[in-house]
Amino acid sequence: MTANSTGKAFELKCIELIKQYRSIVNTKARIHWSDRNYYRPDAVTETELFEFKYQQVNGSVRNKLTQAVLELQFMSEKTKQDAVLVYEGKEIESFIDKDPAFQMSLSIAPLVTLLPFDSLYDFLSSSTDFTNRQQNRLLEYAV
């Protein structure tokens with residue numbers, strides 16, 4: 001299986017799980033940053049923007065993941081939706097834990113929630129706000 005097909009399979013797995021808990025899932029949304037230029041999140045619901053990243057072996061995770069965080073921050077600011085980067089894979093987990101530049105990108109992107117795939121079910125099925133961005137704020141989505 002190629003890297004592209006593995007990533008696509010991960011994306012589809014995430015989207016199927018999201019569809020179980022959210023009524024609207026748009027996989028073709030565009031968030032414009034100029035008249036002709038835009039970012040395209042992997043999935044958009046009524047309240048969230050999602051990016052999905054999977055990488056099990058060495059590769060270009062450094063550039064992909066940092067860029068995804070910064071794009072999600074921009075899109076979240078523009079749309080006022082929660083931004084969630086769902087990830088899976090040994091290489092990504094190692095990168096997230098160890099790369100100081102990536103940690104810096106997280107510090108300048110406080111609207112982005114980094115979520116391992118095995119926590120996606122809890123995130124979707126819970127009524128609480130899982131974001132790390134404002135530790136002391138009230139749970140906006142509590143029922």
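How many bridges join strand β5 to β6, and do the two run parallel or antiparallel? In this predicted model, select residues 82-88 for β5: 5 bridges join this strand to β6, and the two run parallel. Now pick Leu85, which stands opposite Leu114 in β6. Stay with β6, residues 112-116, where 4 of the 5 residues are buried, so the strand is largely enclosed by the rest of the structure.

Next, select helix α1, residues 3-21. Here Glu11 forms a salt bridge with Lys8, and their closest N and O atoms are 3.4 Å apart. The two sit 3 residues apart, about one turn of the helix. Glu11 is buried, at 16% relative accessible area, whereas Lys8 is partly exposed, at 43%.

Lys19 is partly exposed, with 44% relative accessibility, and Glu16 is partly exposed with a relative accessible area of 44%.

Then select Glu48 and Arg22, a salt bridge whose closest N and O atoms are 2.8 Å apart. Glu48 belongs to strand β4 and Arg22 to the loop between α1 and β1, so this pair ties together parts that are 26 residues apart in sequence. Both residues are buried. The model has 5 salt bridges in total.

For the last stop, select Glu93, Asp97, Asp118 and Asp122, which form a negative surface patch. Asp122 lies in helix α5, residues 120-125, and is partly exposed, with a relative accessible area of 39%.

Conventions. Residues numbered from 1 in each chain as written. Predicted model: local features only at pLDDT ≥ 70, side-chain atom pairs only at ≥ 80, totals over all residues. Heavy atoms only, no water. Patch = residues over 30% accessible without salt bridge, like charges linked within 9 Å, V, L, I, M, F, W, Y side chains within 5 Å. Areas by Shrake-Rupley, 256 points an atom, 1.4 Å probe, with all protein chains shown as cover. Salt bridge = Lys/Arg side-chain N within 4 Å of Asp/Glu carboxyl O. Lys, Arg positive; Asp, Glu negative; His and termini not counted. Charge placed at Lys NZ, Arg CZ, Asp CG, Glu CD. Buried < 20%, exposed > 50% of the residue type's maximum accessible area, 1.4 Å probe, protein only. Pairing = 2+ DSSP bridges.
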